[in-house]
There are 2 protein chains.
Amino acid sequence: MAVKYVYRFSEGSAEMKNLLGGKGANLAEMTNLGLPVPVGFTVTTEACTRYYEDGEEIAPEIGTEILEYVGWLEETAQKKFGDARNPLLVSVRSGARASMPGMMDTILNLGINESVAKLLAEKSGNPRWAYDCYRRFIQMYADVVSGVSKKRFERLIDEKKAQCGVTQDTELTADDLYDLAQEFKAEFRYATGETFPSDPKTQLMGAVRAVFSSWNNDRAIVYRRQNDIPGSWGTAVNVQEMVFGNMGDTSGTGVAFTRNPATGEKKLFGEFLMNAQGEDVVAGIRTPQSIDQLAEVMPEAYAGFVGICAKLEARYHDMQDMEFTIEDKRLFMLQTRNGKRTAAAGLKIACDLVDEGAITPKEAVLMLDAKTLDTLLHPQFDAAALAAATEIGSALAASPGAATGKVVFTAEDAKARAERGEAVILVRLETSPEDIEGMTAAKGILTVRGGMTSHAAVVARGMGKCCVAGCGAIVIDEHNKRFTLGGKTYSEGDRISLDGGAGKVYDGEIATTDATISGEFGRLMAWADEYRKLKVRTNADTPRDAVQARSFGAEGIGLCRTEHMFFESDRIAAFREMICADTKEERSRALRKLEPIQQSDFEGIYEAMEGLPVTIRYLDPPLHEFLPKEDPEIEQLAADLGKSVQQVRDIITSLHETNPMMGHRGCRLDITYPEIAVMQTNAVIKAAINVRKKHPDWTIVPEIMIPLVVELREFRFIKKLVADTADALISASGLAMRYTVGTMMEVPRACLTADEIASEAEFFSFGTNDLTQLTFGFSRDDAGKFLDAYYKEKIFESDPFARLDRNGVGKLIETAVRLGRGVRPELKIGICGEHGGDPSSVAFCHDAGLDYVSCSPFRVPIARLAAAQAALRAESR
Amino acid sequence: MAVKYVYRFSEGSAEMKNLLGGKGANLAEMTNLGLPVPVGFTVTTEACTRYYEDGEEIAPEIGTEILEYVGWLEETAQKKFGDARNPLLVSVRSGARASMPGMMDTILNLGINESVAKLLAEKSGNPRWAYDCYRRFIQMYADVVSGVSKKRFERLIDEKKAQCGVTQDTELTADDLYDLAQEFKAEFRYATGETFPSDPKTQLMGAVRAVFSSWNNDRAIVYRRQNDIPGSWGTAVNVQEMVFGNMGDTSGTGVAFTRNPATGEKKLFGEFLMNAQGEDVVAGIRTPQSIDQLAEVMPEAYAGFVGICAKLEARYHDMQDMEFTIEDKRLFMLQTRNGKRTAAAGLKIACDLVDEGAITPKEAVLMLDAKTLDTLLHPQFDAAALAAATEIGSALAASPGAATGKVVFTAEDAKARAERGEAVILVRLETSPEDIEGMTAAKGILTVRGGMTSHAAVVARGMGKCCVAGCGAIVIDEHNKRFTLGGKTYSEGDRISLDGGAGKVYDGEIATTDATISGEFGRLMAWADEYRKLKVRTNADTPRDAVQARSFGAEGIGLCRTEHMFFESDRIAAFREMICADTKEERSRALRKLEPIQQSDFEGIYEAMEGLPVTIRYLDPPLHEFLPKEDPEIEQLAADLGKSVQQVRDIITSLHETNPMMGHRGCRLDITYPEIAVMQTNAVIKAAINVRKKHPDWTIVPEIMIPLVVELREFRFIKKLVADTADALISASGLAMRYTVGTMMEVPRACLTADEIASEAEFFSFGTNDLTQLTFGFSRDDAGKFLDAYYKEKIFESDPFARLDRNGVGKLIETAVRLGRGVRPELKIGICGEHGGDPSSVAFCHDAGLDYVSCSPFRVPIARLAAAQAALRAESR
């Protein structure tokens with residue numbers, strides 16, 4: 001059977017979104033609800049997919065089918081394309097499954113040409129309207145179909161106005177507009193070398209082709225990547241009889257929401273413009289009126305619209321975002337869709353709808369966009385102040401929130417100025433663990449290099465601090481403390497602002513508003529907690545982070561990175577002494593200094609978690625990361641250690657690695673230096689014993705996690721060290737304390753041999769950052785150099801470090817889960833990579849049967865909601 | 001049913017090697033053949049495995065079973081442990097499945113003690129013999145069971161001789177020896193704090209435990225790793241009634257081969273010593289006599305021995321390596337086994353045995369050790385000169401062959417001295433592509449850092465050049481051109497020698513002998529070619545390598561690395577110009593200079609291969625590898641390019657990568673710079689067309705290989721570039737030329753999505769070097785820092801870069817083969833990593849159903865033989 005590529009609105013329904021796109025499906029739904037919708041049809045998303053399969057050509061049979069429906073439309077409308085008496089004009093609009101700014105949107109008045117325009121002028125007795133339609137069409141068509149810049153036509157309009165001595169478009173006469181149309185056609189010929197098409201069917205096919213092509217323009221690709229929309233979906237095209245808001249003072253056009261999209265307040269919200277076509281509202285040529293005023297200007301149309309709003313909310317059980325046109329007092333609906341809203345409005349609307357009985361709590365949970373949730377937890381820019389600000393650059397939205405302050409270039413400067421009460425933004429080529437204190441002191445972090453899982457991004461998210469990462473457009477001179485961006489040079493003390501949620505950098509200061517958590521937040525989260533199967537833990541290295549995360553609902557710590565504890569200034573000395581030790585004895589001596597420090601850190605964390613589970617990962621990074629890089633620091637270290645500068649340099653050289661990511665780190669350190677694992681076990685178990693003694697009613701079962709395991713025998717070797725040390729301490733304490741030893745699954749080989757490893761490991765936690773690096777062979781520090789080309793060429797649709805790659809990394813995870821549970825059915829399995837806070841990845845974790853996800857504190861609410869959504873979606877599958 | 005842990009010799013057979021070990025199985029076989037074998041029993045390898053399972057304890061039931069067999073032995077021999085009239089003495093010897101030097105070997109005379117010794121002295125009328133046995137036993141037992149150094153006892157012997165005023169051991173009297181035994185016992189007590197055990201059963205259990213423990217001593221672990229012997233096998237223990245070669249002038253002991261193990265000549269070969277025990281022959285205290293002389297000394301024993309040799313060869317169909325003892329003119333056989341031999345002898349013996357009708361050609365093929373084959377293709381040290389040489393260090397046997405010459409520290413010095421006719425050894429911290437010319441000029445290469453797949457190792461093997469890599473004991477000062485090793489400092493011009501097959505470094509010059517390929521080599525290879533299923537190709541980048549590899553039997557090129565062509569001095573300039581290009585136009589201009597150079601390289605290779613298949617891999621390494629690192633070179637480059645030094649430095653900085661192995665390389669370069677792929681396609685196809693035009697009868701089907709693919713869409717993008725370019729050239733040429741486009745499978749994700757990739761790729765070639773790096777997360781440049789600890793702790797038994805890891809990497813390969821062939825049954829699949837020349841890995845490739853392996857030229861014969869062995873073994877499964 002031949003595939004059907006075109007549907008009349010009356011043949012569709014809201015459920016047919018995948019085939020008809022959102023706009024087409026909702027036009028169909030409104031048609032079938034009996035609402036006033038201009039007649040029309042939809043060319044399906046499958047036609048778009050076919051268009052790409054056919055090498056960006058519209059197949060002849062699809063062309064034929066479209067023209068058949070044009071025939072039907074002509075019959076129904078009792079008008080004909082190019083007809084000398086009743087000419088048909090149509091709008092052509094794109095419409096993907098999900099609303100997608102960035103694609104070609106709309107061409108109005110298609111079907112008009114010289115003779116049609118003249119006829120309409122005469123017939124309507126409104127030549128100004130007719131020629132206005134004509135010039136608008138040429139302008140729009142030239143822009144979106146033939147790529148002739150709008151500016152060329154705007155210039156002609158400006159010239160015409162100057163020539164006529166007027167300042168407003170509306171002051172131009174019918175003759176002026178007719179002349180402009182002629183000039184536009186000449187301009188088109190000049191720009192393209194072709195005559196402007198006058199045949200309506202040719203115009204239509206050009207427009208359809210332009211919609212299909214716009215699916216793959218750069219902006220659309222970027223938008224899809226940011227919003228997890230697959231490139232394979234394609235867009236539909238809607239062809240609809242024109243109605244005219246520009247027919248005079250009894251006509252108009254507008255957009256409105258059934259509720260306030262910024263606050264969620266239940267009150268019609270929107271604006272309209274009399275005697276105008278759709279694009280005028282957006283273009284802001286005249287100031288539109290508030291929708292309330294329509295009640296006064298055209299009470300009947302307004303009453304009709306209010307009734308329609310109620311019908312649509314009753315049908316869609318959600319706030320609607322609508323477009324309408326009034327043609328000579330008659331109201332027509334051109335679009336409806338579930339409206340975009342701020343996170344705060346989303347919460348209020350969902351709760352109100354539940355209270356109104358329109359939806360169930362489950363539907364409320366499914367309705368929210370989990371990704372936007374953390375904007376509620378961070379300061380944001382004041383909207384008015386932001387509108388007036390100058391954007392100077394954009395890069396990765398590495399950690400949300402808004403920050404404004406003075407530029408500093410070093411961690412020391414950040415600390416010093418912060419101590420003086422100044423708000424600072426730390427700007428670095430890239431950050432390293434040595435910058436931690438400076439990052440803590442800064443309001444926001446801006447880096448030149450690095451991706452979504454770079455050091456700066458990961459640490460900033462952990463702190464809930466605003467970060468824009470990988471801003472390659474910056475030319476930085478760290479030595480002289482200045483950088484250039486957006487054509488301006490900034491020195492220390494100059495002010496900039498960052499929007500970490502949008503990845504934008506702004507010149508100067510912008511006022512911010514504080515984070516506010518409403519009562520609705522708590523209601524929604526409580527519902528989500530009821531439905532989700534996945535537990536949600538947090539990645540936290542300090543008691544402060546742990547408390548923060550618990551306030552956001554974390555049910556435990558899934559990843560406590562012990563090495564972050566070593567970077568603080570009072571500890572790094574002893575740690576460096578350990579690294580530079582020449583003998584096992586020297587090393588043990590240094591470790592003995594570190595042990596009580598670690599122990600007290602762990603005690604703090606156990607105290608903060610009050611008996612919730614805590615997974616502690618043993619030392620992971622290569623040792624050279626902890627050594628100084630600059631001469632004065634090296635000299636100081638030599639002096640501290642009583643070694644010569646050359647000896648310290650030799651140690652640094654001997655620790656150098658070509659590919660440190662794949663070097664001497666993780667459990668490899670425990671195998672070469674077993675005394676490190678012993679020290680860490682001492683600290684973990686002694687801390688647990690002390691806290692249990694203080695709080696005998698708390699359940700404290702230390703979960704010890706061995707990183708970077710590739711082979712069972714590595715794990716077994718270290719587990720034995722742990723057990724020998726821990727068992728002796730526990731038995732001496734007289735307490736009945738359990739502990740578990742598990743592994744971070746972050747190397748492909750561990751996943752491939754998970755059955756062997758599970759024979760000894762009591763839990764798995766997928767470290768998806770490293771697992772993604774190794775599965776792809778992408779160094780996250782270096783991949784930025786080529787990933788942009790990958791997006792541009794549509795090789796990747798999303799950043800595998802932000803959104804878990806189901807096809808590759810996901811297969812390894814599924815394999816490991818199957819093999820591991822095959823050997824040990826009760827195996828506890830979680831994920832502690834950055835993906836733990838990404839909704840799409842959380843959904844994968846639910847489907848893969850994991851027990852928990854762990855993410856940075858500020859993403860905990862996202863994970864809770866996403867986990868509930870995944871469970872509810874799985875339920876309804 | 002209880003497991004049986006002990007077998008009488010008469011209960012076993014040669015087939016029971018796995019259970020009884022090689023020595024035990026052959027003692028059983030000789031017993032059952034009716035040969036004169038002292039009575040005894042074998043404790044099985046399973047008992048050894050059990051010993052380790054039980055935490056290095058002999059389980060009570062095994063102890064009991066051993067003692068039962070002691071009872072049987074006492075009954076059969078009509079002697080008893082510690083008996084006052086007929087005391088039983090036994091030998092205790094280890095014996096694994098495969099012969100394994102490095103383990104505890106032998107304890108003789110076990111059962112002797114103070115009273116037994118006195119009794120034997122009296123009863124035999126030969127007190128010297130009795131006390132000699134006694135002191136020998138104490139000495140051996142103390143050493144191998146209790147770890148008391150032999151030297152302590154040798155010192156006592158020396159003191160005794162001095163005291164007696166004699167120089168030879170044989171000059172010591174019975175009383176002297178008795179006194180020595182007492183001194184030995186005192187020394188034992190002093191060293192261990194324990195009394196020397198006098199109870200024979202205690203002695204026996206101690207000896208059994210020592211044999212089991214020696215299975216896991218450091219030397220045994222190293223040997224197993226080098227010889228692919230699994231740690232799980234364990235060793236057996238043989239307990240056998242003593243016969244005495246030290247009873248006087250009608251007694252003796254010896255070792256012999258049925259043929260010459262150095263040349264293969266069919267003539268008894270060996271030596272014996274009168275009035276001696278086994279260890280004297282090895283210890284070299286007296287000079288043994290040639291086995292021929294035994295015919296004169298003891299004609300009857302000799303005749304008996306010759307007869308036994310014939311029987312054993314008839315039974316084993318192979319050259320035998322035997323130990324025997326003559327006790328008062330009576331001949332006893334103590335061991336037989338298939339003898340170790342040189343590669344040359346192996347070939348001759350195999351061919352002779354076929355000609356003698358003893359074995360079939362298939363058996364001849366299976367009999368050879370593929371690993372040793374390449375020693376035939378390289379110069380070797382003269383054996384006598386080597387024996388006199390001083391070893392100063394040992395490291396990885398990275399590329400076989402022997403080299404001797406003057407030390408140089410830079411590629412330039414190597415070139416300059418070689419041009420003056422000097423033989424040089426290039427010593428480097430590590431090599432980089434810039435060193436290629438120096439490596440070509442040197443006789444051998446010695447590096448301080450790097451593993452079996454480091455740059456030096458890979459390139460040296462490709463050149464067939466001797467290389468010892470990763471000699472961490474060297475302290476090098478490259479700047480001042482000197483290094484210290486083995487306590488001696490070497491400067492430029494000092495002489496050293498390298499044995500790349502053994503990984504040894506020697507002081508001074510050692511004479512070498514040339515490679516010699518015999519007629520037997522050809523016969524064996526012809527048989528191997530007949531049986532194998534796998535094709536064997538070579539990794540070759542130059543026409544010279546290609547010709548070399550063809551002479552060794554390569555059936556095509558499996559990997560031609562195009563980047564190696566760029567390092568030669570006449571090309572690097574244009575290549576650097578390409579890298580430093582600011583615009584696409586500048587880059588294209590540089591590429592136009594490179595294209596004819598590449599084309600002529602490819603023409604040379606097609607000419608050399610005369611129509612055999614050639615797989616050309618597109619540019620793979622990150623671009624920064626090609627840029628200079630030293631100031632003068634950077635300045636020169638800036639001058640050449642007309643850029644400022646700072647600009648060139650900025651380019652170098654911008655190309656820096658944290659983890660270059662996982663950075664901007666492989667097909668990622670073609671996606672960011674498609675013009676590189678276009679240039680390479682032009683060069684490949686134009687070369688193929690030119691050579692086809694010259695040789696119309698040759699089949700030339702260029703195989704274009706895209707490296708580092710992780711995702712189908714990467715491959716599709718580049719395949720389209722290739723096809724657009726190639727199709728136009730071919731159609732313009734008027735030739736009917738085919739070409740194929742395939743991918744290197746070297747990233748885990750490619751294997752996991754092989755079904756998708758195979759929908760477009762026409763062949764797969766596993767790049768197991770990178771695949772191993774990513775599957776393990778081991779940087780091959782850095783793993784040396786911790787792998788030694790892994791071997792020591794028995795976490796790894798072999799180097800995954802030398803022997804393919806079946807458990808992890810192998811699973812990915814099998815997955816990719818299954819997924820790929822599922823989509824494209826005719827998919828051609830090969831392997832081109834370093835593993836292609838390793839016999840165990842070749843066997844895996846056969847089992848996995850690959851079509852071919854590709855390896856460096858000098859390993860081609862190994863691969864041919866290993867492939868045949870794998871096919872024959874699979875056939876017999």
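Tutor: A salt bridge here is a side-chain nitrogen of Lys or Arg within 4 Å of a carboxyl oxygen of Asp or Glu. The model is predicted, so local features need pLDDT of at least 70 and side-chain atom pairs count only at pLDDT 80 or more, whereas totals for chains, interfaces and linings use all residues. Residues are numbered from 1 along each chain as its sequence is written, chains are lettered from A and ligands numbered from 1 in the order in which they are written, and side-chain values use heavy atoms, without hydrogens and water.

Lys348(A) and Asp352(A) form a salt bridge, with N and O 2.9 Å apart. Both residues belong to helix H13 (residues 343-355) of chain A, where 4 residues, about one turn of the helix, separate them; helices are DSSP runs of H or I, at least four residues long, numbered from the N terminus. Over all chains, the whole structure holds 141 salt bridges.

Between chain B and chain A, the count is 4 salt bridges. Arg749(B) pairs in this way with Asp805(A), their closest N and O atoms lying 2.7 Å apart. Polar contacts (N or O atoms within 3.5 Å, one able to donate a hydrogen and the other to accept it; residues adjacent in sequence count only through side-chain atoms on both sides) link 30 residue pairs across this interface, both partners at pLDDT 80 or more. On the side of chain B that touches chain A, the elements giving two or more residues include helix H27 (712-733), helix H28 (748-752) and helix H32 (809-823) of chain B. That side comprises 20 nonpolar, 15 polar and 17 charged residues, where Asp, Glu, Lys and Arg count as charged.

In extent, the contact (heavy atoms within 4.5 Å) takes 52 residues from chain B and 52 residues from chain A. The buried area, the accessible area (1.4 Å probe) lost by both parts on being put together, is about 4600 Å², and carbon and sulfur atoms give 57% of it.

Note on methods:
Buried area = accessible area lost by both parts, 1.4 Å probe.
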